[in-house]
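Me: Please take a close look at the surroundings of the ligand. I would like the contacts, the cover and the make-up of the shell.

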Amino acid sequence: MSLPDVDVAGAARTRHPLRWVASIVLLVLAAQLVSLLVTNPNFQWDVVGRYVNAQIIGQGIFTTLLLTVIAMAVGVVLGVLLAVGRLSENPVARAACGLYVWFFRGTPVLVQLVLWYNLSYLLPEISFGIPFGPEFVSADTNVLITPLLAAILGLGLNEGAYMAEIIRGGLMSVDHGQTEAASALGIGGARTFRRIVLPQAMRFIIPPTGSQVISMLKATSLVSVIALADLLYTVQSIYNRTFQTIPLLIVACVWYLVITSILYVGQSFIERHYARGATRNAPQSFWSFLTFRRRPTPEVPS
Amino acid sequence: MTIPMVRARGVRKHFGHLEVLKGIDLEVRQGEVVVVLGPSGSGKSTFLRCVNHLETIDGGSIHVDGELIGFEASGGRVRHLRRREITRQRREIGMVFQQFNLFPHFTVVQNVIEAPVGVRGEPRGQARERAHALLRRVGLEEKADAYPRQLSGGQQQRVAIARALAMRPKLMLFDEPTSALDPELVGEVLAVMKGLAEDGLTMIVVTHEVGFAREVADRVVFMDDGVVVESGAPADVLDRPASPRTKAFLSRVL
Ligand SMILES: Nc1ncnc2c1ncn2[C@@H]1O[C@H](COP(=O)(O)OP(=O)(O)O)[C@@H](O)[C@H]1O
Ligand SMILES: [Mg+2]
């Protein structure tokens with residue numbers, strides 16, 4: 001029996017009729033959305049245009065960004081400490097850090113914010129000293145806890161719990177052989193953490209942290225309940241006067257989208273930096289990241 | 001009489017209820033190459049890891065170049081060393097692992113200079129020069145700027161050897177350095193190790209490569225079930241084993 005002589009060069013491509021159907025449906029939906037946006041007068045695009053770069057909105061954006069940066073910084077520093085604590089050999093530290101994460105992840109951040117804001121009901125005075133012993137410094141809680149501080153405490157301490165879990169996961173994903181090799185070379189614990197373990201953990205820490213920053217940006221809008229003039233509170237205070245609720249909420253959405261887009265671009269650059277040596281190929285290019293192309297799967301070296 | 005490079009006396013180690021080392025006695029002279037053979041699970045890796053205190057021993061003692069490893073004995077009392085002092089002791093002992101354990105985010109040359117620059121404070125330029133010389137010695141100078149993942153297993157293991165040598169160790173420990181390699185890559189790593197032996201480096205090598213043991217080792221030690229069963233010249237242990245356990249093992253690996 002002889003096999004037929006075939007050359008697959010120039011073979012016809014497989015057809016995908018379902019892809020065509022799906023694309024047409026999506027295009028129709030998109031056209032409808034655009035027509036809704038353009039023809040419905042209730043969007044009041046002229047009002048949006050007037051407020052979108054108003055100075056007062058700018059102040060709100062500044063507060064939102066400031067709060068995001070500070071609360072995130074508090075969260076990251078706290079997260080590293082808590083993650084190291086949870087991975088430490090000291091059972092007391094492990095338990096304490098675990099308890100912290102359990103509490104702050106297990107209660108709504110809105111409740112935590114309001115609690116910090118109303119701390120004076122619980123502790124009219126805050127003092128530092130020896131328990132049951134002499135006090136060194138004391139202050140009136142109402143003076144000490146401004147809305148800004150309450151917001152930083154509420155968002156930052158809560159973020160610490162989430163970052164702790166992200167960082168702990170990243171640290172645990174680094175092969176134990178790395179620490180052993182560093183130990184065998186006589187590299188000390190702190191240097192091993194900083195030079196060997198943390199940079200490798202970063203590949204696993206950065207993507208979820210990027211999501212956390214974006215969540216934080218939006219979570220800062222919760223502080224409008226404690227009368228801190230962030231972006232959302234600012235547009236609310238305007239539409240409470242003018243009743244132009246929808247266009248002002250659109251202004252807020254536009255700015256939240258602009259900022260998250262910038263953050264997204266920044267994240268992709270940081271990810272590329274920490275991808276050094278992770279695959280046999282060159283790191284993924286920025287354009288393929290933007291166009292959602294999949295990373296080439298790393299080859300397993302022999 | 002010169003002091004031995006390694007003197008292990010009655011070394012004991014257990015993990016939970018599992019007694020892994022049941023009193024290991026072993027001496028390695030300066031410049032000697034000792035190959036440790038033994039079935040899987042007999043405690044060979046554990047013993048090597050005790051020598052540089054990656055594992056803390058439960059009894060007995062290990063001296064390297066006259067210095068008690070991991071502990072301090074004075075006035076009849078023994079105490080655990082602090083971590084910083086243990087770290088200092090490890091700088092004198094190089095170790096090569098079965099899985100290479102190169103730092104994947106560093107290039108080859110960065111892998112080699114990390115410890116000399118970072119912990120010995122060697123100037124970077126000088127460390128790079130030495131690193132290139134070491135890489136030439138293991139035949140990989142042209143790979144200095146590659147990342148470990150871009151290298152074959154045999155090349156990675158040779159970089160790992162260069163990285164360990166960069167600390168100028170008095171003693172090198174090899175834990176099955178060729179066991180993770182494709183058969184055709186084993187030879188290049190063994191050749192580098194043979195070169196080190198000829199240069200007079202003191203080495204303890206755990207391996208199943210009986211050919212290497214026969215050709216390079218000054219002494220072969222057979223371990224089984226946490227004890228040293230026999231020890232002697234390669235020809236004696238490999239060709240005329242005294243113990244039936246050694247005989248049984250050799251008939252399986254040869
Ligand atoms: N960290 C550990 N915890 C518990 N058991 C271990 C540990 N390391 C090794 N062992 C056990 O000790 C025994 C000896 O292991 P090992 O020294 O790796 O043997 P070898 O290298 O000779 O194959 C094995 O039974 C192994 O399961
Ligand atoms: Mg082993």
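Reply: This is a predicted model, so local features need pLDDT of at least 70, side-chain atom pairs count only at pLDDT 80 or more, and totals for chains, interfaces and linings use all residues. Residues are numbered from 1 along each chain as its sequence is written, chains are lettered from A and ligands numbered from 1 in the order in which they are written, and side-chain values use heavy atoms, leaving out hydrogens and water.

Start with the polar contacts (pairs of N or O atoms within 3.5 Å). The side chain of Ser45(B) places an N or O atom 2.6 Å from an oxygen atom of ligand 1. For the side chain of Lys44(B), the distance to a ligand 1 oxygen is 2.9 Å. Ser42(B) uses its backbone: an N or O atom there lies 3.2 Å from an oxygen of ligand 1. On its own, ligand 1 has 560 Å² of accessible area (Shrake-Rupley method, 1.4 Å probe). The protein covers 59% of that.

Now the shell, meaning residues with a heavy atom within 4 Å of the ligand. It includes Phe15(B), Leu18(B), Val20(B) and Pro39(B). Ser40(B), Gly41(B), Gly43(B) and Thr46(B) are also among its members.

Helix 1 (44-51) and strand 2 (18-28) of chain B each give at least two shell residues. Both are DSSP runs, numbered from the N terminus (helices: H or I, at least four residues; strands: E, at least two). Helix 1 of chain B supplies the largest share, three residues.

Notes. Polar contact = N/O pair within 3.5 Å; in protein donor to acceptor, adjacent residues only side chain to side chain.
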